[in-house]
Amino acid sequence: MINWSRIDTVLLDMDGTLLDLHFDSHFWLEHLPRRYAELHKLDHEQVKAELIPLILAEKGQLNWYSLDYWTERLGVDIVALKHEIQHLIGFRADAVDFLTWLKTAHPRVILATNADRKSLELKLKLTGLEDYLDAVVSSADVGIPKEEQGYWEALMKIEPFDPARTLFIDDNEDVLESARRFGITELITITQPDSQTPIRQMTEFPAVTRFAELQPVNPPKTAS
């Protein structure tokens, strides 16, 4: 699927791509509404019905990804609540094998993520993901989400790359469309970001369920 001899840079999303999105899905859709209801002595189902639309209204915006924003907006310590279920944080199947292969057989690997620094602090520490990366660029660092062209312009300044010789993998197709508009030519999405939900049957972009589908049988030639 990928001509690795023509790839100099690999940009990787974190949540739903390298890490199982089940942690985030469970936190925002189940754990947070339940704990919010407990802390404020409210009806759980009523809180869930009101809280989830409130959260979804920020989808695709920088606030959607900001733990500080939601802590202030909701009046609860989001980071502390995330720690309560941190045991759910983990890699997607064969992600470590893929990262190991990239580290030993391929050029620059950059984590291009919308996760803010508090999310990164929690997840990088628990997973050791940073050991496989050359750089991490969060949308919080540049003040623009990946859904907007400004993120890619900022990323280019921080970590210069040739869009024509770059592979980007992300589970969010709005983000992939933004990357396509910027000129990144090799784009891959994930069919099962959350291990507890069904595999997506229809995607706009080329898709894989396992990273092994992207790896060549023989080691790639050195990029020139």
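1. Leu 167 stands opposite Glu 186 of strand S5. Strand S4 (residues 166–169) and strand S5 (residues 186–190) pair in the parallel sense, over three bridges. Strands here are DSSP runs of E with at least two residues, helices are runs of H or I with at least four, and both are numbered from the N terminus. Two strands pair if DSSP finds at least two bridges between them.

2. The model is predicted, so local features need pLDDT of at least 70 and side-chain atom pairs count only at pLDDT 80 or more, while totals for chains, interfaces and linings use all residues. Residues are numbered from 1 along each chain as its sequence is written, and side-chain values use heavy atoms, with hydrogens and water left out.

3. Strand S1 (residues 9–12) is joined to S2 by four bridges, and the two run parallel. In this pairing Val 10 stands opposite Val 109, and the bridge partner of Leu 11 is Ile 110. S1 is also joined to S4 by four bridges, again in parallel, with Thr 9 opposite Thr 166. Both faces of S1 are covered: Thr 9 and Leu 11 on one side, and Val 10 and Leu 12 on the other, are all buried. Buried means under 20% relative accessible area, exposed means over 50%, and partly exposed lies in between (1.4 Å probe, protein chains only).

4. Why is strand S2 (residues 108–113) described as largely enclosed by the rest of the structure? Because five of its six residues are buried. S2 also pairs with S3 in the parallel sense over four bridges, and there Leu 111 stands opposite Val 136.

5. The whole structure holds eleven aromatic pairs. One of them, Phe 27 with Trp 28, is edge-to-face, with 5.0 Å between the centres and 90° between the planes. The rings of Phe, Tyr and Trp (its six-membered ring) pair if their centres lie within 6.5 Å; planes under 30 degrees apart are stacked, over 60 edge-to-face, and the rest tilted. Phe 27 is buried at a relative accessible area of 0%, and Trp 28 also counts as buried, at 15%.

6. Phe 98 and Trp 101 form a stacked pair, 6.2 Å centre to centre and 20° between the planes. Both lie in helix H6 (residues 95–105), three residues apart, about one turn of the helix. Phe 98 and Trp 101 are both buried.

7. The largest pocket has a volume of about 920 Å³. Its lining comprises 34 residues, and Leu 21, Asp 24, Trp 64, Tyr 65 and Asp 171 lie nearest its centre. On a 1 Å grid over the protein atoms alone, a pocket is an open set of points where a 1.4 Å probe fits, with protein on both sides within 12 Å along at least five of seven lines; lining residues have an atom within 4 Å of a point. Points are joined across faces, edges and corners, and the volume is the space filled by probe spheres set on them.

8. Which helix gives the largest share of the lining of the largest pocket? H1 does, with four residues. Among the helices that each supply at least two residues are helix H2 (44–56), helix H4 (67–74) and helix H10 (173–182). By class the lining has 14 nonpolar, seven polar and 13 charged residues. Ala, Val, Leu, Ile, Met, Phe, Trp, Tyr, Cys and Pro count as nonpolar, Asp, Glu, Lys and Arg as charged, and the others, Gly among them, as polar.

9. Two residues other than glycine have positive phi. Lys 41, near 55°, is in the loop between H1 and H2 and is exposed, at 75% relative accessible area. Asp 94, at about 65°, is in the loop between helix H5 (78–84) and H6 and is partly exposed, at 21%.
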